Amino acid sequence: MHKKIKLEASLACANFRNLEASIGELIAGGIDLLHIDIMDGRFVPNFALDFSIMETARQITNIPMDCHLMIEDPERYIDKTAASGAEYIAIHFEATRHVQKALQQIRDTGAKSGIVLNPATPLSSLDYILDDVDMITVMTVNPGFAGQKLIPSMLKKIKDVNTMISNAGRGDIEIQADGNVSFAHIPAMVVAGATMLVGGTSSVFHKDYSIVDAISSVRKIVEGVGSAQ
């Protein structure tokens with residue numbers, strides 16, 4: 001049985017002049033999760049959302065939130081992230097000296113733990129932490145900025161992660177694709193094994209579509225892939 005493909009909205013791409021309206025459209029479209037990018041200007045050369053945005057979103061909706069911590073020493077903020085309403089918390093392999101301990105800290109809060117692999121991060125990084133993760137994020141672009149082009153070899157990486165977790169008997173682990181999750185690239189991502197799709201300006205918040213229509217288009221694309229397999 002195939003997993004349901006979960007569609008996420010990258011909230012950093014929302015209309016912050018009227019965030020409540022954007023979230024209302026996401027609710028109307030039936031989005032599965034809100035994706036929250038938090039950056040510190042050090043791990044990546046950019047700043048993004050903060051805990052106040054998470055808390056505001058939680059006041060508007062009960063849609064589950066997935067928080068991607070692009071920060072150094074994420075242990076400092078894991079408890080705060082969970083307290084702000086995150087159901088998933090993902091950290092980068094290179095961001096902490098004690099990856100397994102940080103993943104356990106996430107689970108101790110009651111949230112689901114995620115590990116993020118940058119494009120050049122090898123799969124061997126996962127060898128001794130599969131028991132500690134609920135989600136593996138494959139960055140299909142280098143993290144930090146929206147609107148980048150997909151790195152083609154990352155489609156193979158998604159497939160390799162899928163093979164790895166299947167061989168380890170951990171088919172329950174979600175595989176998240178993050179970066180240029182576009183209408184054009186979604187089919188290949190799903191075929192490779194992605195089960196969570198982070199939609200930004202190339203899909204959910206595409207300038208040529210309403211949010212509701214964009215979500216509907218993604219659903220139809222995913223259904224088409226499923227019926228073809």
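**Reading the buried side of a helix**

Modeller: Let's start with helix α4, whose buried residues pack against α3, β4 and β5 (112-117). Packing here rests on contact, that is, heavy atoms within 4.5 Å. This is a predicted model, where local features need pLDDT of at least 70 and side-chain atom pairs count only at pLDDT 80 or more, while totals for chains, interfaces and linings use all residues. Residues are numbered from 1 along each chain as its sequence is written, and side-chain values use heavy atoms, leaving out hydrogens and water.

Biologist: Which residues of α4 are buried?

Modeller: Buried means under 20% relative accessible area, exposed over 50%, and partly exposed in between (1.4 Å probe, protein chains only). In α4, which runs over residues 99-108, the buried ones are V99, A102, L103, Q105 and I106.

Biologist: Why do the buried residues of α4 line one face of the helix?

Modeller: An α-helix has 3.6 residues a turn, so residues three or four places apart point the same way. Looking down the axis of α4, the buried residues sit within an arc of 155° (from the directions of the C-beta atoms off the helix axis), so they line one face.

Biologist: And which exposed residues are on the face turned away from that buried side?

Modeller: That face of α4 carries K101 and D108, both exposed. After α4 comes G110, with a positive phi near 100°.

Biologist: Now take α2: which of its residues are buried?

Modeller: Helix α2 covers residues 51-60, and F51, I53, M54 and A57 are its buried residues. They span an arc of only 155° around the axis, which puts them on the same side of α2. As for partners, the buried residues of α2 pack against the helices α1 (19-29) and α3 (78-83), and also against β2 (33-39), β3 (65-70) and β4 (86-92).

Biologist: What is E174 in contact with?

Modeller: Setting aside neighbours within four places in sequence, E174 touches K3, K6, Y88, D134, M135, I136, T195 and M196.

Biologist: Stepping back, how many helices and strands does the protein chain have?

Modeller: Helices (H or I, at least four residues) and strands (E, at least two) are DSSP runs, numbered from the N terminus. The protein chain has seven helices and eight strands. Of its 229 residues, 54% are buried. Its C-alpha trace spans about 40 × 40 × 30 Å along the principal axes. Among contacts with a separation of 6 or more, 63% link residues 24 or more positions apart.
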